[in-house]
Amino acid sequence: MCMVAAMAKRTSSDSRLLFDMPEGPDFSMETAARGKGLWPVAGTDEAGRGPLAGPVVAAAVVLDPDNIPPGLHDSKQLSAAKREALFTLILERAFVSVASSSARRIDAIDIRKASLDAMRRAVAGLEMAPKLVLTDGRDVPPGLACEGRAVVKGDARSLSIAAASIVAKVTRDRMMARADVDFPGYGFAIHAGYATEVHRKAITSLGPCPLHRMSFRPLRQD
């Protein structure tokens, strides 16, 4: 144990975020902003940057500080049932807006720009205009009507961003379940458009459908 302790004392890293990450998201960034007169604060996040098919969906959420749904976390850390339950609570207790960019738009302007544009439109659609937007990731969506702040690993640090991640994920999953009805045979309800083996085999057998992102490999033809 002494050796382990000594090794720990000698350990250093320039990636402090890896060691300073809280156990779960909290409301500290929002509270600090409110103390500086930046209120309301919206969190925004997207779902669906990586799939071969379907839209990228963004959500923006302004939480009520006095009525925050318990159990909010990064959507990837929650079960589907828990996400669905929290989705309902968020819609009941917060201001919420959702926007999406289609596969065609993703192909036209690239996935990064399409994601950021969906975030911008989600924020613009909020009934309560924010004074500050906390965005998951390293980029602030261009064209916001207020100050924006990029938060790396934001869905694990900010309750507002976590709430947005849940809304975006549940909304997109529901959209892909509907797509499974409109475009049967690809298994969209199961894999939500991600590049699973089942999905790749379906593309080989059926060819791509209008929901596929033709700028993504292996669909992209150089």
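Against which elements do the buried residues of α4 pack? This report answers that question after an outline of the protein.

## Basis of the model

The structure is a predicted model, in which local features need pLDDT of at least 70 and side-chain atom pairs count only at pLDDT 80 or more, while totals for chains, interfaces and linings use all residues. Residues are numbered from 1 along each chain as its sequence is written, and side-chain values use heavy atoms, with hydrogens and water left out.

## Overall architecture

The protein contains 9 helices and 5 strands; helices (H or I, at least four residues) and strands (E, at least two) are DSSP runs, numbered from the N terminus. Along the sequence their order is α-α-α-β-β-α-β-α-α-β-β-α-α-α.

Contact denotes heavy atoms within 4.5 Å. Among contacts between residues at least 6 apart in sequence, 67% join residues at least 24 apart.

## The nonpolar cores

A nonpolar core is a set of buried Ala, Val, Leu, Ile, Met, Phe, Trp, Tyr and Cys residues joined through side-chain atoms within 4.5 Å. The largest has 18 residues, of which Val 61, Leu 63, Leu 72, Ile 90, Ala 163, Ile 166 and Val 167 touch the most other members. At least two residues of this core come from each of β2 (56-62), α4 (80-93) and α7 (159-182), and α7 gives the most, with 7 residues. Apart from this core lies another, of 13 residues, including Ala 60, Ala 118, Met 119 and Leu 144.

Leaving aside neighbours within four places in sequence, Leu 72 has contacts that include Pro 25, Leu 86, Ile 90 and Ala 163.

## Helix α4

The buried residues of α4 are Arg 83, Leu 86, Phe 87 and Ile 90. Seen down the helix axis, these residues fall within an arc of 115°, so they line one face of α4; the arc is that of the directions from the axis to the C-beta atoms. They pack against β2, β3 (95-101) and α7. The face turned away from this buried side carries the exposed residues Ala 81 and Glu 92.

## Helix α3

In α3 (residues 28-35), the buried residues are Met 29, Glu 30 and Ala 33. Their arc around the axis is only 100°, which puts them on the same side of α3. Their cover includes β1 (41-47), β4 (132-136), β5 (147-151) and α7. Just after α3, Gly 37 adopts a positive phi of about 85°.

Technical notes:
Buried < 20%, exposed > 50% of the residue type's maximum accessible area, 1.4 Å probe, protein only.
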